[in-house]
Every structure is written in C-alpha cells, then in structure tokens.
There are 2 protein chains.
Amino acid sequence: MTYKEFEEEQILSLLIGLTNKISPKFERCTGISSTRLAILQMLCERSEINQSQLQKHIDIDGAAITRHLKQLEADGMVIRYKNPNDNRETFVRLSDEGIERIEGYKSEKRIFIQQILAGFSEEETRVLADFLKRMQNNI
Amino acid sequence: MTYKEFEEEQILSLLIGLTNKISPKFERCTGISSTRLAILQMLCERSEINQSQLQKHIDIDGAAITRHLKQLEADGMVIRYKNPNDNRETFVRLSDEGIERIEGYKSEKRIFIQQILAGFSEEETRVLADFLKRMQNNI
DNA sequence: GTATATTAATTGAGGTATCAATTATTGATG
DNA sequence: CATCAATAATTGATACCTCAATTAATATAC
C-alpha cells in the first residue's frame with residue numbers, strides 16, 4: 001500500500017468517526033439534533049414548504065423527514081396542513097413557539113461549530129467546505 | 001450572519017450529510033460495513049487483541065464493538081476466546097476464513113475510496129486528512 | 001483477608017438513517 | 001373516461017451509534 005493510499009483510507013474512518021462523535025455531542029450542547037435544527041432553519045427561510053422540497057434541501061430520506069416532522073409537531077415547534085390544491089402534499093411551517101425557540105438553538109449551534117472549527121482560518125474553512133462539496137458530488 | 005459563519009455552518013451539514021450517504025453506499029459496494037471492515041483490518045495488523053484495545057483504536061463505543069464482534073463471529077470471520085490470565089478480557093483474532101475474505105474487502109474499499117476522492121490531488125488528500133484530524137482533536 | 005474500587009464486556013433503551021413496500025392522490029394516455 | 005403511471009407521504013424492517021446500567025473478574029487498601 002502506498003502512502004497516498006494510506007492517507008486516503010484514513011479519510012473514510014476519520015469522516016465516519018468524526019460524525020459519530022459530533023452528532024450526539026451536538027444534541028447535548030444545543031438541545032436539538034442537527035438534522036432537526038436544519039429543518040427548522042429551512043422553515044425559517046421559506047415560511048411554508050412541502051415535505052418533498054424539504055427533503056431535497058436537507059438531502060435526507062423521506063422517511064426521516066416524516067418522522068422528524070411528526071416529532072417537531074408533537075413538540076409544538078411546527079404546524080402541518082394539507083395543500084388544498086393537491087391533497088398529496090403536506091405544507092409545513094414554524095409555529096409561534098418554533099419561531100421563538102429557534103433563535104436560542106441557532107446561537108448554541110454557532111458556539112458549537114466554532115468549537116469544532118477552533119484554530120481554522122477563514123481560508124481553511126473555505127477550503128474544507130470545498131473539499132466536502134467535491135466529495136458529495138463524487139457520490 | 002457573516003460569510004464566515006455561513007461557511008462554517010455549511011460544514012456541519014456537509015459532514016453529516018456526506019457520512020449518511022457514504023455509510024450505506026460503502027456497504028453496498030464492498031459487501032461489509034466500514035466499521036466492521038475497520039475492525040477486521042485492525043485484526044490483520046495485530047493478530048490478537050482484546051476488545052478494549054480494539055475499541056480505542058477504532059474509536060467507537062464498547063457496546064458497538066461487542067455487537068460487531070458477535071456478528072463477525074457468527075459469520076465465521078473472527079474467533080473469540082478469554083484471556084486465561086485475566087478472565088475479564090476477551091481476545092479476538094481473524095479466522096482462516098476471515099484472513100481469506102478480507103483481501104477482497106480491502107480492494108473493494110480502495111476502489112470505493114478512490115471514487116469518493118476522485119479529482120483530489122495527493123496534496124489535497126493530505127490537507128483534508130489534516131483538517132479532519134484537527135476537528136477530531138477539537139471534540 | 002475482607003471490603004471496596006477498578007476494569008472488561010455485555011445488555012437494554014433510545015435515537016437516527018437507509019431502503020423497500022404501501023396508501024392515497026393527481027396526471028397522462030389511448 | 002377509464003386505465004395506467006407518477007408523485008407525496010407514510011409505515012415497516014434493519015442497521016448503526018451512543019449512553020447508562022449491569023455482571024463478572026481482578027486490584028487495591030486497610
């Protein structure tokens with residue numbers, strides 16, 4: 001095995017190991033799972049959106065979307081209602097409570113990310129984001 | 001929100017999204033989960049190792065190690081036996097079948113990784129690995 | 001030497017993700 | 001307009017991970 005191959009193999013385990021650590025830690029620090037917060041943030045931007053579009057933007061399986069939204073609804077964070085013009089679709093939007101609570105989550109998230117990226121220069125952050133996007137495109 | 005903050009926030013979702021996609025794809029391409037292959041590769045290097053050490057090297061929860069090894073044992077890939085000098089410890093090593101089958105997995109893994117890292121120069125791969133390690137240390 | 005603390009492994013509970021199959025509704029075709 | 005195809009959401013099955021609690025064996029301390 002060449003040195004390059006060694007380095008490449010490391011990346012896979014680093015990536016997976018990192019995510020396995022980050023996800024639970026994120027939830028403990030912020031009080032919400034990262035996916036669920038991503039959903040809420042998308043609802044912030046769009047005010048009203050159906051689950052399919054949500055799924056595309058968050059880039060997650062439809063089954064997961066359904067379950068997250070059910071839970072968010074049960075928690076009083078979002079409201080769901082059918083599109084009267086197309087009864088297949090379900091629209092989702094933030095509840096008043098959701099709007100209120102999301103700001104706290106967002107600031108916790110920023111603190112968390114800055115901790116993860118401590119020591120990274122702005123340029124390094126940019127390069128890292130670029131690398132990750134390129135890997136995403138390779139899938 | 002500044003541009004830097006935007007870029008930082010992206011990294012978290014990219015990281016998690018990437019791993020969520022990679023893990024199932026890895027298993028479909030190679031025929032084994034990445035964690036389970038990591039365990040087998042460690043056993044390749046050490047020939048005999050107890051579960052605690054395995055856990056430290058793979059950097060995964062002990063509960064997960066136990067379950068993976070039970071399954072690998074049921075699949076005939078590894079053999080487990082207690083340390084006679086300390087009955088708390090369980091040693092693990094590859095079975096003959098494990099030794100035979102691992103080479104195929106390893107070459108599938110290399111193909112998979114090269115696909116994920118298509119278009120990455122050697123230098124970029126090195127920098128990426130370094131970034132991921134730095135993030136790991138920040139946790 | 002007996003009580004207490006530590007260590008290794010396991011089990012149980014809870015959460016998230018994927019894939020595949022199903023239901024319900026709408027669109028398209030002949 | 002009736003059948004067949006496509007789309008949206010849901011449910012069921014399976015797998016992985018973490019954390020917390022438990023069991024069993026060994027070390028340590030008094």
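Biologist: At what angle do H1(A) and H6(B) pack?
Modeller: Two packed helices are described by the angle between their axes and the distance between those axes. This is a predicted model, in which local features need pLDDT of at least 70, side-chain atom pairs count only at pLDDT 80 or more and totals for chains, interfaces and linings use all residues, while side-chain values use heavy atoms, without hydrogens or water. Axes are lines fitted to C-alpha atoms, for helices over the stretch in contact, and angles run from 0 to 180 degrees between N-to-C directions. The axes of H1(A) and H6(B), the latter spanning residues 122–138 of chain B, lie 9 Å apart, and the packing angle is about 35 degrees.

Biologist: Is the crossing of H1(A) and H6(B) left-handed or right-handed?
Modeller: Residues are numbered from 1 along each chain as its sequence is written, with chains lettered from A and ligands numbered from 1 in the order in which they are written. A crossing is left-handed if the near helix is turned anticlockwise from the far one by less than a right angle, and right-handed if clockwise. Where H1(A) passes H6(B), the crossing is left-handed.

Biologist: How many nonpolar residues are in the contact of H1(A) with H6(B)?
Modeller: Contact means heavy atoms within 4.5 Å. H1(A) contributes residues including Ile11(A), Leu14(A), Leu15(A) and Leu18(A), and H6(B) residues including Leu128(B), Ala129(B), Leu132(B) and Met135(B). Ala, Val, Leu, Ile, Met, Phe, Trp, Tyr, Cys and Pro count as nonpolar, Asp, Glu, Lys and Arg as charged, and the others, Gly among them, as polar. Beside three polar and six charged residues, the nonpolar ones number nine.

Biologist: With which side chain does the side chain of Glu9(A) make a polar contact?
Modeller: Glu9(A), in helix H1 of chain A, counts as buried because its relative accessibility is 9%; buried means under 20% relative accessible area, exposed over 50% and partly exposed in between (1.4 Å probe, protein chains only). Beyond four places in sequence, Glu9(A) is in contact with residues including Met1(A), Gln41(B) and Ile113(B). A polar contact is a pair of N or O atoms within 3.5 Å; within protein, one must be able to donate a hydrogen and the other to accept it, and residues adjacent in sequence count only if both atoms are side-chain atoms. At 3.4 Å, the partner of Glu9(A) is the side chain of Lys109(B).

Biologist: What pattern does chain A follow along the sequence?
Modeller: Helices (H or I, at least four residues) and strands (E, at least two) are DSSP runs, numbered from the N terminus. Chain A has six helices and three strands. Read in order, the pattern is α-α-β-α-α-β-β-α-α.

Biologist: What percentage of the residues in chain A is buried?
Modeller: The C-alpha atoms of chain A fill a box of roughly 60 × 30 × 25 Å along the principal axes. Of the 139 residues in chain A, the buried share is 44%.

Biologist: Which element supplies the largest share of the surface near DNA strand D?
Modeller: A residue is near a strand if one of its heavy atoms lies within 4 Å of it. By this criterion 28 residues surround DNA strand D, Ser52(A) and Lys70(A) being among the closest, and sugar and phosphate account for 70% of the DNA atoms that come within 4 Å of the protein. By class, the surface has five nonpolar, 11 polar and 12 charged residues. With five residues, the largest share comes from H4(A).

Biologist: Is Ser52(A) buried, partly exposed or exposed?
Modeller: Ser52(A) lies in helix H3 of chain A. Its C-alpha is 8.7 Å from that of Ile65(A), 13 residues away in sequence. Because its relative accessible area is 43%, Ser52(A) is partly exposed.

Biologist: How far is a backbone N or O atom of Thr90(B) from a phosphate oxygen of DNA strand C?
Modeller: Among the nearest of the 28 residues around DNA strand C are Thr35(A) and Ser52(B). For the backbone of Thr90(B), the distance is 2.7 Å.
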